[in-house]
Amino acid sequence: MTSSPRPIVPAFQRELDPLLLLPVRLFIACLLADMRWCDDVAVQGVLRLSERRFDPHVERLRAAGYVEARTEGRRVRLRLTRLGLDRLTEHVIALDRVAATAAELVTVQRAALRPPDNL
């Protein structure tokens, strides 16, 4: 019995960052992409999330080293790290390739559905 060959994984699939696949984490990273300190409530407000829904995502990004957090009195400030910016950039480039490939596949499939012009 021979095993079937394993499918080749496209490069962009390997480059997608699993941590940034959730849109909320992707958007948090995008909002912090200028690498300046920002109030967490400002980012949370833009995303229209409750603190309870926002905090776990920030904590996952922080634990991975993508985001830094510092407390200033009662305020919490967030900043994307160099690692976070690098991973965000790679992820967005890979997403662009995914979208381009999907558009190409849809175009080919739609063309196959069109009736011939000579009818």
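This is a predicted model: local features need pLDDT of at least 70, side-chain atom pairs count only at pLDDT 80 or more; totals for chains, interfaces and linings use all residues.
1. Residues are numbered from 1 along each chain as its sequence is written, and side-chain values use heavy atoms, with hydrogens and water left out.

2. Back to arginine 77, which belongs to strand E3, residues 75–80. (Strands are DSSP runs of E, at least two residues, and helices are runs of H or I, at least four, numbered from the N terminus.) Arginine 77 counts as buried because its relative accessibility is 17%; buried means under 20% relative accessible area, exposed over 50%, and partly exposed in between, with a 1.4 Å probe and protein chains only. Leaving aside residues up to four places away in sequence, arginine 77 touches Trp37, Cys38, Asp39, Glu68, Ala69, Arg70 and Glu72, where contact means heavy atoms within 4.5 Å.

3. Tryptophan 37 has another arginine to look at: the charged end of arginine 70 sits over the tryptophan 37 ring, 4.1 Å from its centre. (This requires NZ of Lys or CZ of Arg within 6 Å of the ring centre and within 35 degrees of the ring normal.)

4. Next, helix H3 (residues 40–47), where Asp40, Val43, Gln44 and Leu47 are buried. Seen down the H3 axis, these buried residues fall within an arc of 100°, so they line one face of the helix; the arc is that of the directions from the helix axis to the C-beta atoms. The face turned away from the buried side of H3 carries exposed Val41 and Val46. Among the elements covering the buried residues are helix H2 (23–31), strand E1 (38–39), H4 and E3. After H3 comes arginine 48, with a positive phi near 55°.

5. Finally, phenylalanine 54 sits in helix H4, residues 51–63, and is buried at 0% relative accessibility. Not counting residues up to four places away in sequence, phenylalanine 54 touches Ile28, Asp40, Val43, Gln44, Leu47, Leu49 and Leu78. Phenylalanine 54 and valine 43 are 11 residues apart in sequence and 9.2 Å apart in space, C-alpha to C-alpha.
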